[in-house]
Amino acid sequence: MTQQTAEELICPECSSRNIGLSSRDGHYVCLNCGLVLDIPVIDTSPEYRIYSKEDAKQKERVGAPLSMLKVDKGLSTSIGRGERDAYGNLISPLQAARIKRLRKINNRYSKSQTRNLKQALREINRVVSELGFSENVAETASVFYRKALKENLVRGRSIKCMVGASVYMACRQLNIPIVIKDLEQVIGYDRKSIARCYRVMVSKIKINLDRQDPSSLINRLGDELKLTPETKKEAIKILEEVRAKRLDVGKAPMSVAGAAIYLACIRTGERRTQQMVAKAAKTTPVTLRNRFKEIANALDLALDIKRGAAATPVYFKNPWEDEE
DNA sequence: ACCTTATTCTATCGGAT
DNA sequence: ATCCGGTAGAATAAGGT
């Protein structure tokens with residue numbers, strides 16, 4: 001069986017040239033360590049044409065699609081015991097020894113880790129689908145989980161928590177607006193435990209995650225609070241000023257986003273109470289207030305508007321009466 | 001392993017509308 | 001009655017020694 005490989009690619013993680021193409025999401029995947037390469041796949045390899053049967057033998061690509069969601073990545077990794085190779089030739093003693101060693105390693109890996117992995121992958125799929133995220137989140141999460149397994153981070157920790165951490169990490173990498181609290185229900189552990197696992201993973205697994213994009217959080221909050229695009233835009237504008245003045249460093253991104261939304265609501269007159277915003281941002285009114293205060297003080301423009309609006313607290317009729 | 005600092009949360013109260 | 005602002009104290013996280 002031949003695998004489509006991109007010979008010019010080298011894995012930045014383990015320097016392996018064993019790079020395959022995942023047909024599921026169109027990413028290159030290192031078949032050695034499972035790293036999903038951040039290279040867009042726009043048919044960089046020459047497209048072969050088959051003119052004869054000989055060509056077909058050499059160039060045809062066969063095999064099931066690669067998936068990190070399968071324990072064996074969609075490839076069979078079991079090593080047979082025969083004394084002849086695929087062409088029916090006898091295997092030399094040297095090769096036989098090598099194969100035996102490979103089989104041993106293969107089996108050792110399969111024993112405890114495969115079981116764990118199987119369970120974890122099931123769990124990842126469940127969690128991701130329950131949260132309504134797309135499959136590539138699951139795929140990315142499974143890559144992280146594999147790494148955690150490889151680094152021996154799972155032993156002694158709950159599989160569920162590690163799954164939660166992996167999913168969270170995946171969301172972070174894919175820039176999906178999420179906070180760990182979102183996972184509490186589906187995972188069945190509290191934020192603290194999941195966060196602990198997540199931190200262990202970040203420290204042991206080499207990866208640089210971007211700072212959570214505040215505007216994506218704004219969008220999420222805006223949708224949840226059923227705000228108009230104008231208010232969202234306003235909030236994003238506020239957030240830019242906040243970032244420029246470094247008012248957000250060391251603060252939970254969600255709380256900053258919540259404060260920006262709250263302020264934007266006041267400015268556009270589309271009022272929401274602190275309680276509502278805090279709930280949507282999964283934080284408390286106290287924290288929201290604190291962020292809001294800091295921002296309002298720094299952006300002196302905001303103060304007058306705040307007072308003006310506070311004098312006439314026109315609340316919109318709750319447009320989301322239908323839920324909760 | 002202990003200490004320090006900063007952030008956030010819970011619980012709570014009082015003033016204003 | 002509800003919203004908003006303020007405070008105290010505990011929990012938590014991160015960094016230093």
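A residue counts as near a strand here if its C-beta atom, placed from the backbone, lies within 6 Å of that strand. The model is predicted.

**Exercise 1. Find which element gives the largest share of the surface near DNA strand C.**

Step 1. List the surroundings. DNA strand C is surrounded by Lys192, Ala195, Arg196, Arg199, Thr273, Gln274, Gln275, Val286, Arg289 and Lys293.

Step 2. Assign elements. Those giving two or more residues are α6 (191–204), α10 (274–280) and α11 (285–298).

Step 3. Helix α6 contributes the largest share, four residues.

**Exercise 2. Describe the residues around DNA strand B and sort them by class.**

Step 1. Collect them. Gly250, Lys251, Ala252, Ser255, Thr283, Thr284, Val286 and Thr287 lie around DNA strand B.

Step 2. Classify. This surface has five polar residues, two nonpolar and one charged.

**Exercise 3. Work out what builds the largest nonpolar core.**

Step 1. Start from a general rule. In soluble globular proteins, nonpolar side chains tend to be buried together.

Step 2. Take the core itself. The largest one holds 63 residues. Ile124, Val167, Tyr168, Ala257, Ala260 and Ile261 have the most contacts inside it.

Step 3. Find the main contributor. Helix α9 (residues 253–268) gives the most, with 11 residues.

Step 4. Check the domains. Domain 2 (112–204) and domain 3 (214–311) each supply at least three residues to this core.

Step 5. Zoom in on Ile124. Beyond its neighbours within four places in sequence, Ile124 contacts Ala138, Ala141, Ser142, Tyr145, Val163, Ser166 and Val167.

**Exercise 4. Identify the buried residues of helix α7 and what covers them.**

Step 1. Apply the cut-off. A residue is buried if 20 or more other C-beta atoms lie within 10 Å of its own. In α7 (residues 214–224), Pro214, Leu217, Ile218, Arg220, Leu221 and Gly222 are buried.

Step 2. Name the cover. It includes α8 (229–244), α9 and α10.

Step 3. Inspect the end of the helix. Just after α7, Lys226 takes a positive phi of about 55°.

**Exercise 5. Summarise chain A as a whole.**

Step 1. Count elements. Chain A has 12 helices and three strands.

Step 2. State burial. Of its 324 residues, 31% are buried.

Step 3. Among contacts with a separation of 6 or more, 61% join residues 24 or more positions apart.

Terms used:
Residues are numbered from 1 along each chain as its sequence is written. Chains are lettered from A and ligands numbered from 1 in the order in which they are written. This is a predicted model: local features need pLDDT of at least 70, side-chain atom pairs count only at pLDDT 80 or more; totals for chains, interfaces and linings use all residues. Ala, Val, Leu, Ile, Met, Phe, Trp, Tyr, Cys and Pro count as nonpolar, Asp, Glu, Lys and Arg as charged, and the others, Gly among them, as polar. A nonpolar core is a set of buried Ala, Val, Leu, Ile, Met, Phe, Trp, Tyr and Cys residues joined through C-beta atoms within 7 Å. A residue is buried if 20 or more other C-beta atoms lie within 10 Å of its own, exposed if 12 or fewer, and partly exposed in between; C-beta atoms are placed from the backbone. Domain bounds come from an automatic or database domain assignment. Two residues are in contact if their C-beta atoms, placed from the backbone, lie within 7 Å.
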